[in-house]
Amino acid sequence: MNRLTLLAVGAVGMTVLTAAPAVAATPADVAQTVTSCGGSGLQAGLSTRVCADVTGPTAEFYGTVGLAGPPSPGSPAPQPKELYTTLSVEVVGAGSPVTRAVPVVFTSSAVEVRGQAVSAPCGSTVRATFGVASFPWSARPVVHEVTLTC
């Protein structure tokens, strides 16, 4: 093929590709989920954190438990550890917290403890507290608050 033919074929190909633009229509009323996490804490010798997935007027909190740091090279794998976790969620100023207690076994991979989903009016502040205890350590809960902006 000569250059002129190649240019013509390329131009036709580009015309076909641009003739029907691909437009992904997203409904305007679809609420997006925003994830945020509070600061981490050290409980039962492990790193803990509480996070929230907020979608419109609903917030779902969950706690995470992981190693406090990387293991030393050549050290044995951590022994499984029985943990007693509590996750409390409350709408600030609107009643008492809802608490979920979940026993879990931690090995060396991160563990996620899901809590209750809470719906509240826009502008409300929702607070979660995540505690982890394991003999002989008591819980030193971490806290995270979100404001529902809707």
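Visitor: Cysteine 150 first: is it buried, partly exposed or exposed?
Guide: Cysteine 150 counts as partly exposed, at 49% relative accessibility. Buried here means under 20% relative accessible area, exposed over 50%, and partly exposed in between, with a 1.4 Å probe and protein chains only. Keep in mind that this is a predicted model, where local features need pLDDT of at least 70, side-chain atom pairs count only at pLDDT 80 or more, and totals for chains, interfaces and linings use all residues. Residues are numbered from 1 along each chain as its sequence is written, and side-chain values use heavy atoms, with hydrogens and water left out.

Visitor: OK, and which cysteine does cysteine 150 form a disulfide with?
Guide: With cysteine 122; the sulfur atoms are 2.1 Å apart. A disulfide is a pair of cysteine sulfur atoms within 2.5 Å. Cysteine 122 sits in the loop between β7 (111-119) and β8 (125-133), and cysteine 150 is in the segment after β9 (142-147), so the bond ties together parts 28 residues apart in sequence. Strands here are DSSP runs (E, at least two residues), numbered from the N terminus.

Visitor: Why is that disulfide called left-handed?
Guide: Because the torsion about the S-S bond of cysteine 122 and cysteine 150 is about -105°.

Visitor: And how accessible is cysteine 122?
Guide: Cysteine 122 counts as exposed, at 51% relative accessibility.

Visitor: How many disulfides turn up in the whole structure?
Guide: Two. Cysteine 37 is joined to cysteine 51, with an S to S distance of 2.0 Å. Cysteine 37 belongs to strand β1 (residues 33-37) and cysteine 51 to strand β3 (residues 46-55), 14 residues apart. The torsion about the S-S bond of cysteine 37 and cysteine 51 is about 105°, so this disulfide is right-handed. Counting bonded cysteines along the chain, the pattern is 1-2, 3-4.

Visitor: Switching to strands: which way do β3 and β4 pair?
Guide: Antiparallel, over ten bridges, with β4 covering residues 58-67. Two strands pair if DSSP finds at least two bridges between them. Threonine 48 stands opposite valine 65 in β4. The two strands make a hairpin with two residues between them, and glycine 56 in the turn has a positive phi of about 60°.

Visitor: What else does β4 pair with?
Guide: β4 also pairs with β7, in the antiparallel sense over seven bridges. There, threonine 58 stands opposite serine 119 in β7.

Visitor: Where does proline 57 sit, and what does it touch?
Guide: Proline 57 is in the loop between β3 and β4, and is partly exposed at 38%. Leaving aside neighbours within four places in sequence, proline 57 contacts Val118, Ser119, Ala120, Leu148 and Cys150. Contact means heavy atoms within 4.5 Å.

Visitor: Last topic, the core: which residues touch the most other members?
Guide: Val50, Phe61, Val65, Leu83, Val126, Phe130 and Val146, out of 26 residues in the largest nonpolar core. Such a core is a set of buried Ala, Val, Leu, Ile, Met, Phe, Trp, Tyr and Cys residues joined through side-chain atoms within 4.5 Å. At least two core residues come from each of β3, β4, β5 (81-91), β6 (98-106), β7, β8 and β9.

Visitor: What does valine 146 touch?
Guide: Not counting residues up to four places away in sequence, valine 146 touches residues including Ala52, Val54, Phe61 and Val126.

Note on methods:
Helix = DSSP H or I, 4+ residues; strand = E, 2+ residues; numbered from the N terminus.
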